[in-house]
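Me: I would like to learn how to read helix packing, interfaces and charge pairs in a model. Can we go through them one by one?

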Amino acid sequence: MYLASGIGKRFGGVRALDGARIELRPGSVHALLGENGAGKSTLVKILAGALPPDEGELLLNGAPVRFSTTRDAVRRGVAVVSQEPSLFPDLDVLANLFPACDLRRGGLLLDRKAMARKAGPVLDELELTRPPTTRVGELTLAERQLVEIARALLEDPAVLILDEPTSALQADAAARLLRILAALRSRQVAVAYVSHVLEEVVRLCDEVTVLRDGRNALSAVPMAELTLEKIVRAMVGDRPTAPAARPAPSLDAGTAGLRLRGVHVPGHLDGVDLEARQGEIVGLAGIAGAGQTAVLEVVCGLRIPSAGTLAYPGGGPRPRGLRQAIRAGVAVVPSDRKRLGLMLDKPLWENIAQVRTVALGRTGAWVRAKDLRERAAAATARLRIRASGPDQLAGRLSGGNQQKVVFAKWLEAAPGVVLLDDPTRGVDVAAKAEMHAIVRELAAEGRVVLLTSTDPAELAQVCDRVLVFRKGRVAAELAGERLTDHEILHLAHGANSE
Amino acid sequence: MKRVLGVDEFGVVVVLVVLVVAIGLFHPAFLDRAQLVDVVRQASFVGVLACGMTYLLAMRELDLSVGSTYALSLIAGSMMMRSGVNPWLAAVAAVAVGGVLGLVNGALCNTLGIPSIIATLGTLSVFRGLALALSEGRQVAGLPRDDAFFTVVGGDLLGLPTSIWVLAAVAVALTVVFKATPFGYRVRAIGSNPDAARFSGISIPRVRLQVLVLSGALAGVAGVLTLGFFASGQPTIGQGYELQAIAAAIIGGTPLRGGSGTVWGSVLGTVILGTVASGLVYFGVPINWSLFATGIVILLAVALDALLRRRGSASSREAL
C-alpha cells in the first residue's frame, strides 16, 4: 500500500498542492483526476520521486519513505509509465526491457537467453506478439507502450503509475487497456491511473481521487458511487460560471469567412464542418487530441485532408502546404514559441520583420533596416512589449513578451485568418489579459480568429463561440449564456449536450 | 576600425595584421608590395569559394563539392576553348556549368531528403571523377594563349591582378545581398531557427537550392579566374579547396551553428591561410612540415578570435 497524505508543494509564489492525499491499494486501479493546473502532475512527480514534497509524508507499506531520485523510487517498488517515450528506438525489445544490462554472463557479456527467459512470461501476459528481437522503432505506438509497461513490470513494482496512457483516438485502446489492467490487478499491483479521458476512467478504474486547486475534491471514492456528471462537478467546483462581459459581436452575417466542410483526416478528424465569419473569435475546445489542433493544422496547410473542402475568406485554392497558406493570408501563433515562433539570437526588429519582409518579400527587393526598426518600435509600443528597444535580442525577453513579439510579426503581415494554438501557455496573468485584448482587437479589425486553449476559462472569456471537439468531431457548439468554462469542460469530457 | 569593418571582422583583421607584421619583422622582404599582392592573388581562388561557403554555413549547410565543381568547370571551359569556342563565351559557359552542378547538389538534397553535407560528399567524387574522365586524366593544353581573355583575366587591371578585383567585386556584391535583401535574411533566418523560419513561410528547400546554385556558380567563377591565369586545365586542381574554404569562413567569424556570417571575414580568412603558407616558405619550414604548421596556425587564429570575441560580448553585456 502506498499512501501520500497532507502533501504540500509550492513553486515560487504558487501553491501547486495544499494538503493533497491519495491512497493506492494493491490490486486496485485508482484514477487521479483534475483540471490543468489542479496539481495532478505535481502529485505524480512527488509519488514517483521526481520531486520532494514541501509538506506531508509518503508511506510505503506503513513505513515512511523519502526518494532521492526516480531510480531510487523504482528500486523501492514505485514505477511510472509516462507519456514521454523513454525507449531506445534503435535497440530491440529485449535490450529495452533491461536498460541496466544487469543480466550478464561472466560479468561482461549480456546474457540474452536469461533476459528472454525472464521477459517471456511478462510479454505473454501483456500479449505482445512481436518477437523480442524486433527493433522498438518498428513497433506501433501501442506496442511501444506495452514494452514500457513490461519494463516496469520486470522491476516487480508494488506501485505502478500510468500517466496519460492513452491518446484519445487510438482505435483498440480500450481492449488493450482492459488487458493490461487485468494483468496488473492479478499481480496485486497498486495502480494510479492519470487520464484526461473521463469516459475511459469510468469504465476502467475502481476508485477515484479528484484534485482541485491542489486539494482533494474527491478522495478514494469507489467508482460504483460515481457518475461522469459528479466527477466533472468535482473537477470544476462551484466557482461562478457566468459568462464574461463580452461585447456583442457586431457581425455582418453576410461576410464570407473561413469555411470547412466535411473535413476528414484519418486518425484525427472525422467529418468536421466549421464556419467562422470575419471579425469572429471561434474557440476550439476538447481534451488533448480530440481534433482542435488538427483543425488548425488543416487550415494552415500542415495537414492535407483526405476528404472535404477548405475555403479562405478571400477565396483561392486549398493550400498545398504551410507556405502557401501563409502566402494566402493565414497567421500561425504556435504554443511552442521558442521552437517555432522566434529567432532567440536575433533582435526584435528582425523577428518582427520575418514574415512580411523576409519570408513574403512584400517590402521589395531591399531590406531597409532603418524602416523596419521604426516599424518594430511602433509595434513594440502598440502591443506594450517590455523591451529596451527594437535591437534587443528576443531571447532576453520574458515569456509573455516573447509571445507578443510573435503576435507582432504576424500583425505586420496583415493576415486574414489568425490561428492561435494555446497562445497564453506559460504566460503570467497580467500578460494574459493584455494578449486577450490583442486577440479581440485582431478580430475587431475584421479577421477570422481561431483559438485553442488548455484553459477553458480563457475560451469562455475571449471567444464569441466555442466548438467542443470529441474524437475528431464537433460534439457541441456553445455561445451566449451557455458559453461557460463549466459547460466546455463538461462537454469535452464526454457528457452529452442537453 | 570597429566602426568601419563591423565587430564581426575586427578579430580577423587583428590576426592578419599580427601575422603579416610578425613575418615582416624577421623577413622584411615579405612586406614588399609585389609579395603581398601575390599572397592575395594566390588566395583569390579559394576566396571566391569561401564567399559562397559563408552563405551555406549561415544556413547550417555545407558544400563539400566546391573543389570538384571548381575543377570540372575549369576543365569544361578549357576543353571548349581548345575546341575553338570563343574564350569569353567559354568562360560564361564554365560559370553556368558550375551553377548547374550546384543545381544537381540542391536537387539531390531536396528530392532525396538528405543533408547537403551527404549529397556533396557524393558529388565531391562524382564531379572530380567527371573532370578526370573528360580530360582523360591529362592537362588540357593548347589553348589560344594570345587571346585577350588570357591577358585580361590572367593579367593586371589598374595595377592589381584581375582576380583580386573579381574577388573584391564578388565579396562586395555578396555582402550587400547578405545584409540588405530578403534572400540574405532568409538564409540567416533558417540558420538561426529552421523551424521558426518554416513557420514564417520561408521555404527551406528553395533557399537551400538557391544557395547551392550560388556556391556552384562561384566555383565556376573561381575556375575561370584560374583558367585565365594558367591558360591550361589541370583536372586534379583544387583538391582540398572545400576544406580550405570552410576553414577560411570559420576563421573569418562565420559560426558553424549558423544564423550569421560575414563574407568579408571569409575573404580575410582565406588571406590569413595564404599568408601562413607564404610565411612558412620564408621561415624555411621543411615542405613536409608545412601542412602540420598550417593546421597549428589555423587553431591559433581561431583561438585568438574566440578570445577577442568573448571580450567583446562580455563588455556588451556590462553595457546592458
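Reply: H3(B) passes H12(B) in a right-handed crossing. A crossing is right-handed if the near helix is turned clockwise from the far one by less than a right angle, and left-handed if anticlockwise. Helices (H or I, at least four residues) and strands (E, at least two) are DSSP runs, numbered from the N terminus. The model is predicted: local features need pLDDT of at least 70, side-chain atom pairs need 80 or more, and totals for chains, interfaces and linings use all residues. Residues are numbered from 1 along each chain as its sequence is written, chains are lettered from A and ligands numbered from 1 in the order written, and side-chain values use heavy atoms, without hydrogens and water.

Me: At what angle do helix H3 and helix H12 of chain B pack, and how far apart are their axes?

Reply: Axes are lines fitted to C-alpha atoms, for helices over the stretch in contact, and angles run from 0 to 180 degrees between N-to-C directions. Here H3 (residues 33-58) and H12 (residues 241-251) of chain B pack at about 65 degrees, axes 8 Å apart. Contact means heavy atoms within 4.5 Å. H3(B) contributes residues including B:Leu49 and B:Met53, and H12(B) residues including B:Ala245 and B:Ile246. By class, this contact has 11 nonpolar, two polar and one charged residues (nonpolar: Ala, Val, Leu, Ile, Met, Phe, Trp, Tyr, Cys, Pro; charged: Asp, Glu, Lys, Arg; polar: the others, Gly among them).

Me: What area is buried between chain B and chain A?

Reply: The size of an interface is often given as the accessible area lost when the parts come together. Buried area uses a 1.4 Å probe and is summed over both parts. Here the figure is about 2,200 Å², with carbon and sulfur atoms giving 57%. In chain B, B:Tyr185, B:Phe199 and B:Ser200 lose the most area to chain A, together 31% of what that side buries. In residues, 24 of chain B are in contact with 29 of chain A.

Me: Which side chains meet in a salt bridge between chain B and chain A?

Reply: Side chains of opposite charge can pair when their charged atoms come close. The rule for a salt bridge is a side-chain nitrogen of Lys or Arg within 4 Å of a carboxyl oxygen of Asp or Glu. Between chain B and chain A the count is one. B:Asp195 pairs with A:Arg339 (3.2 Å, N to O).

Me: How many salt bridges are there over all chains?

Reply: The count is 38. One of them joins A:Arg215 and A:Asp18, with closest N and O atoms 2.9 Å apart. A:Arg215 sits in strand E12 and A:Asp18 in strand E2 of chain A, 197 residues apart.

Conventions
Buried area is the accessible area (1.4 Å probe) that two parts lose on being put together, summed over both.
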